[in-house]
Amino acid sequence: MEKKNIDWSNLGFGYVQTEQRFVANFKNGQWDAGGLTTNATIEMNECACVLQYAQTCFEGLKAYTTADGHIVCFRPDLNAARMAESCRRMRMPVFPEDKFVEAVVETVRANAAYVPPYGSGATLYIRPFMFGIDPIIGVKPANEYQFRIFTTPVGPYFKGGVKPLTLRISDLDRAAPKGTGHIKAGLNYAMSLYNIVDAHEQGYDENVYVDSATRTHIEETGGANIIFITKDGKLVTPKSDTILPSITRRSLLQVAKDYLNLEVEERPVALSEIGEFAECGLCGTAAVISPVGKIVDHGKEIRYAGMGPVIQKLYDTLRGIQMGTVPAPAGWIQVIE
Ligand SMILES: *Cc1c(COP(=O)(O)O)cnc(C)c1O
């Protein structure tokens with residue numbers, strides 16, 4: 001298969017339209033068979049539920065080329081399960097989990113020419129999403145839905161080396177207790193946009209959200225979970241019902257335990273104790289782990305080692321598992337071709 005003529009190592013994180021996308025429609029209480037289309041444009045009524053009441057959720061994962069030349073993706077079954085959770089919380093019909101994985105495989109295979117070669121650092125980002133599409137004006141869930149998957153090639157996350165992030169403790173919230181912080185809904189992002197622009201204007205890379213009930217515990221950033229490493233090499237990550245359950249974070253905890261013999265603690269993390277940690281990182285599909293250099297808490301600066309020794313080891317091991325140079329736990333790598 002002939003690869004597209006793309007300058008892989010200079011790609012950014014932006015939308016590049018690829019040839020095929022998957023579309024399935026839910027009508028009269030059931031999903032149709034769904035299939036691929038070249039049409040990237042969605043036509044819908046002005047009163048579509050998604051436009052009026054933001055009834056939509058999404059997922060994000062990546063396909064890439066391994067050291068031995070296979071196209072694979074990482075734990076798509078967990079994305080399927082998480083999207084099912086999001087749909088249930090949003091009163092949307094679940095797209096069957098096995099069909100979700102099949103549709104991911106089918107969409108990536110159809111866009112294989114856009115999967116960046118091994119060693120380029122670039123990947124094919126996969127975006128499954130669902131939305132209520134029929135006209136709804138009284139507040140209630142839609143009757144009809146569309147499920148889609150598109151793909152877009154994205155560049156290496158750490159272009160020109162790793163620059164540790166500077167974060168600030170946020171005064172605004174992203175998730176209410178008993179709210180929707182634990183599901184991947186667009187609405188969680190809509191309300192974070194003001195704050196991320198403000199953070200950038202003030203010279204910060206990201207906002208760290210605290211629990212909105214007591215403002216005493218660390219939760220996560222706008223789009224990534226957070227991990228800390230203690231001075232004696234233990235991995236600590238916040239536990240809370242309002243954190244989005246990152247697949248990368250869950251995988252890193254298992255890597256820490258089973259590959260690196262580290263102690264792992266998932267527990268509430270107080271804002272008052274974050275100065276005691278040695279290393280800090282953000283984890284998510286995009287970067288695996290982004291090292292944090294500094295968290296600023298209202299003028300008080302807390303410094304971390306950036307890409308410190310433990311975060312480096314976690315990163316290298318999980319990247320190695322994904323790229324096929326380190327043996328993967330059973331079921332983690334879905335081979336596409
Ligand atoms: C998607 C997301 C993450 C990262 O999850 P991964 O499954 O690791 O990509 C973390 N936090 C939020 C708020 C997210 O939406």
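## A hairpin, its neighbours and a buried threonine

Let's start at a turn: the hairpin of β5 and β6 leaves five residues between its strands, and one of them to look for is Gly69, which takes a positive phi near 90°. Keep in mind as you look around that this is a predicted model.

Strand β5 covers residues 61-65, runs antiparallel to β6 and is joined to it by three bridges. To find one place where they meet, go to Thr65, whose bridge partner in β6 is Ile71.

On to β6 itself, residues 71-74. In a regular strand, side chains alternate between the two faces of the sheet. Here Ile71 and Cys73 sit on one side, Val72 and Phe74 on the other, and all four are buried, so both faces of the strand are covered. Look for Val72 here, because its bridge partner in β18 is Val335.

Next, hop over to a loop. Between β13 (235-238) and α6 (247-258) you'll find Thr242. Is this residue buried or exposed? Thr242 has a relative accessibility of 10%, and since the cut-off for buried is under 20%, it counts as buried.

What does the side chain of Thr242 touch? It makes a polar contact of 2.6 Å with the side chain of Glu219, and another of 2.9 Å with that of Ser240. Leaving aside neighbours within four places in sequence, Thr242 is in contact with several other residues, among them Arg174, Pro177, His182 and Glu220.

Technical notes
Residues numbered from 1 in each chain as written. Predicted model: local features only at pLDDT ≥ 70, side-chain atom pairs only at ≥ 80, totals over all residues. Heavy atoms only, no water. Buried < 20%, exposed > 50% of the residue type's maximum accessible area, 1.4 Å probe, protein only. Helix = DSSP H or I, 4+ residues; strand = E, 2+ residues; numbered from the N terminus. Pairing = 2+ DSSP bridges. Polar contact = N/O pair within 3.5 Å; in protein donor to acceptor, adjacent residues only side chain to side chain. Contact = heavy atoms within 4.5 Å.
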